[in-house]
Amino acid sequence: MQTRFLGKTVLVTGASAGIGEAIAVRFAQEGGSVVVNYSRNDAGAADTAEQVRRVHEAGGFGDAKVLVQKADVADEAAVAAMFDEVLREWGRLDVMINNAGIQKPSPSHESASEDFDRILGVNLRGCYLCCRAAIKHFLSRDGGGVIVNNSSVHEIIPKPEYLPYSVSKGGMENLTKTLALEYADRGIRVNAVGPGAIVTPINMNWINDPVAKGVVESHIPMGRAGESAEIAAVFAFLASDEASYITGQTLFACGGLTLFPEFRTTWSS
Ligand code: NAD
């Protein structure tokens, strides 16, 4: 394992479960101090923080720290308070990971506008609020900073019956590119990761049902769902200096889902 984040601080939103938890652990494995943000799952956040502590200890990273921050990323005041606290405690932030995300299925013509607002609020507005606060801090010091957003294959693949989710990820692509362009000459890189189907609590509807899981995996060219750790590794790469010349990109980690799997066999000519 490398030590690319030794002496660096990383804020991970939605780190109480799933991919966010794996990202927090991955940055800790590479020596980073980690802020574990979450909105409701106190036990999950405490568990992630404990894993981070254990990983720091095992790695001999005596100076690395962990900070738990409960804040709804859609809430402007809560995000401001979280950044105040992080900067008061640690004085610096080097890497911002916007991972928090929610979804809710509904036929679009029957969907509730409150759900549309809430999903856009968490997935896109939350990302905007945290990017804004992080960039303000990055600009206030030498050395810039890095942002990596958790998008989805649904950034480019429509997701019927998940309209707000699909729209939020499409918006995230533009947010990522616009911020990347706006701040490229000021030492700030902004990228995204686009996971495919990953084994996390958000996918409970098929993970524990072998038939449903088989259906999901039958659509994936690599023939299997991904693991959170495989996605966390992509976040670590994009946040590291190894990706120093990459900005404004979404790196899809999806087992080939974005390759038009329906064209695997020739049927169109
Ligand atoms: P999850 O449900 O396991 O975890 C979501 C996390 O977000 C939790 O820690 C939760 O506490 C947090 N969260 C929810 N609302 C929040 C809020 N308002 N403020 C702060 N935190 C909040 O989901 P996951 O699968 O780990 O998904 C994480 C991200 O990955 C999401 O943005 C999701 O869209 C994206 N993603 C997941 C998959 C997948 O297959 N699991 C695929 C593509 C993209």
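## Fold and model basis

The protein chain contains eight helices and seven strands (DSSP runs numbered from the N terminus, with H or I over at least four residues for helices and E over at least two for strands). This is a predicted model, in which local features need pLDDT of at least 70 and side-chain atom pairs count only at pLDDT 80 or more, while totals for chains, interfaces and linings use all residues. Residues are numbered from 1 along each chain as its sequence is written, and side-chain values use heavy atoms, with hydrogens and water left out.

## Overall dimensions

The radius of gyration of the protein chain is 18 Å, which agrees with the value near 18 Å for a compact globule of 269 residues (taken over C-alpha atoms; the globule rule is 2.2 Å times the number of residues to the power 0.38). Along the principal axes, the C-alpha trace spans about 55 × 40 × 40 Å.

## Burial and contacts

Of the 269 residues, 51% are buried (under 20% relative accessible area, 1.4 Å probe, protein chains only). Among contacts (heavy atoms within 4.5 Å) with a separation of 6 or more, 75% are between residues 24 or more positions apart.

## Thr176

Thr176 is part of helix α5, residues 163-183. Thr176 is buried, since its relative accessible area is 1%. Apart from neighbours within four places in sequence, Thr176 contacts Asn149, Val190, Asn191, Ala192, Gly248 and Gln249.

Methods. Buried means under 20% relative accessible area, exposed over 50%, partly exposed in between (1.4 Å probe, protein chains only).
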